[in-house]
Structure formats: structure tokens, C-alpha cells
Amino acid sequence: MPYVEGVEHRFVEAGGVRFHVAEAGPAEGTPVLFLHGFPQHWYAWRHVVPLLAGRHRLIMPDFRGFGWSDAPYRGYDTGTRADDVLALMDALGLDRVLLVGHEWGA
């Protein structure tokens with residue numbers, strides 16, 4: 001796992017997929033969900049972590065099939081990616097987040 005100071009890693013089951021999630025910042029901070037592009041993973045956001053982790057809860061999942069998340073045979077269409085994000089938010093107990101994405105993740 002690439003090291004970034006202040007980042008912790010865990011796996012979250014959501015929608016039948018085991019997702020790798022990198023997190024930083026205070027648990028009580030405003031949750032900000034970062035969605036990476038193609039072909040990247042959570043590490044794409046490494047330069048943002050030190051800038052925002054002091055005030056926000058940064059949540060940086062790997063999409064299915066990327067990084068350390070499961071890679072099921074199907075489910076790589078846009079609709080399924082959106083469903084995955086919502087399932088992950090539910091699994092994390094988040095009703096609302098600030099959303100940041102670029103490229104494929106946007």
C-alpha cells in the first residue's frame with residue numbers, strides 16, 4: 001500500500017463488493033468523497049491530503065477493479081459505478097458528502 005502520512009486504510013463491504021477505502025482527517029469533519037480517474041486509485045489524491053485533512057474527513061475509495069478493491073467480472077458501467085458510490089456511502093453511514101472527482105470519477 002502506498003504510504004501517505006495521516007492516511008488510514010480499511011475495507012468496506014458495499015453492494016456485494018469489497019472496497020478499499022483510504023481515509024484521513026478528523027472523523028467529525030465534513031465528509032469529502034474523492035473519486036479517482038482511469039486508470040488510477042486513491043493515491044491520485046495524495047497531494048490533496050495534507051491540504052484538507054486538518055478540516056475535513058477525506059474519503060478516497062478505489063472503484064471496483066482498481067487499486068485494492070475487488071474486481072468482479074461485471075459492473076464497470078457508469079450506472080453501476082454510481083450505485084457503488086451510493087452503496088459505499090450507506091455502508092459508511094453517510095447521508096451527504098462533498099463530492100470531488102475528475103475524469104472517469106467525475
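This report walks through the fold of the chain and then zooms in on a few residues.

## Ground rules

What you have here is a predicted model: local features need pLDDT of at least 70, side-chain atom pairs count only at pLDDT 80 or more, and totals for chains, interfaces and linings use all residues. Residues are numbered from 1 along each chain as its sequence is written, and side-chain values use heavy atoms, with hydrogens and water left out.

## The chain as a whole

The chain has two helices and five strands. Helices (H or I, at least four residues) and strands (E, at least two) are DSSP runs, numbered from the N terminus.

How does the radius of gyration agree with that of a compact globule? For 106 residues such a globule would come out near 13 Å, and the chain has 13 Å, which agrees. That radius is taken over C-alpha atoms, and the globule rule is 2.2 Å times the number of residues to the power 0.38. The C-alpha trace spans about 35 × 30 × 25 Å along its principal axes.

Buried residues make up 42% of the 106 in the chain; buried means under 20% relative accessible area, exposed over 50%, and partly exposed in between (1.4 Å probe, protein chains only). The accessible surface is about 6,000 Å², with 53% of that belonging to carbon and sulfur atoms. Those areas come from the Shrake-Rupley method with a 1.4 Å probe, and for residues only the protein chains shown count as cover. Take the contacts (heavy atoms within 4.5 Å) between residues at least 6 apart in sequence: 70% of them join residues at least 24 apart.

## The sheet

The five strands form an open sheet in the order β1-β2-β4-β3-β5, with mixed pairing. Two strands pair if DSSP finds at least two bridges between them. β1 (8-14) and β5 (98-101) stand at the edges with a single partner strand each, so one side of each has no neighbour in the sheet. On average, neighbouring strands are turned by 30° against each other, direction ignored. The axes behind such angles are lines fitted to C-alpha atoms, for helices over the stretch in contact, and angles run from 0 to 180 degrees between N-to-C directions. Helix α2 lies across β1, β2, β3 (30-35) and β4, running at about 110° to β1.

Now for the pairings. β1 and β2 (residues 17-24) run antiparallel and are joined by seven bridges; A14 has V17 as its bridge partner, and H9 has A22. The hairpin of these two strands has two residues between them, and G15 there takes a positive phi near 60°. On to β4: β2 pairs with β4 in the antiparallel sense over four bridges, with V21 opposite P61. β3 pairs with β4 in the parallel sense, again over four bridges, and P31 is bridged to R57. β3 also pairs with β5, parallel and over four bridges, where F34 stands opposite V100.

## What is covered

Seven of the eight residues of β2 are buried, so this strand is largely enclosed by the rest of the structure. β3 is mostly covered too, with five of its six residues buried. L35 and H102 sit 67 residues apart in sequence, yet their C-alpha atoms are 7.0 Å apart in space.

S69 lies in the loop between β4 (56-61) and α2 (78-91). Is S69 buried or exposed? At 8% relative accessibility, it counts as buried. Its side chain reaches the backbone nitrogen of H20 at 2.9 Å and the backbone oxygen of D62 at 2.7 Å. Leaving out residues up to four places away in sequence, S69 touches R18, F19, H20, D62, F63 and R64.

H20 lies in strand β2 and is buried, with a relative accessible area of 0%. The side chains of H20 and D62 are joined by a polar contact of 2.8 Å. A polar contact is a pair of N or O atoms within 3.5 Å; within protein, one must be able to donate a hydrogen and the other to accept it, and residues adjacent in sequence count only if both atoms are side-chain atoms. Residues that H20 touches, not counting those up to four places away in sequence, include W42, M60, P61, W68 and S69.
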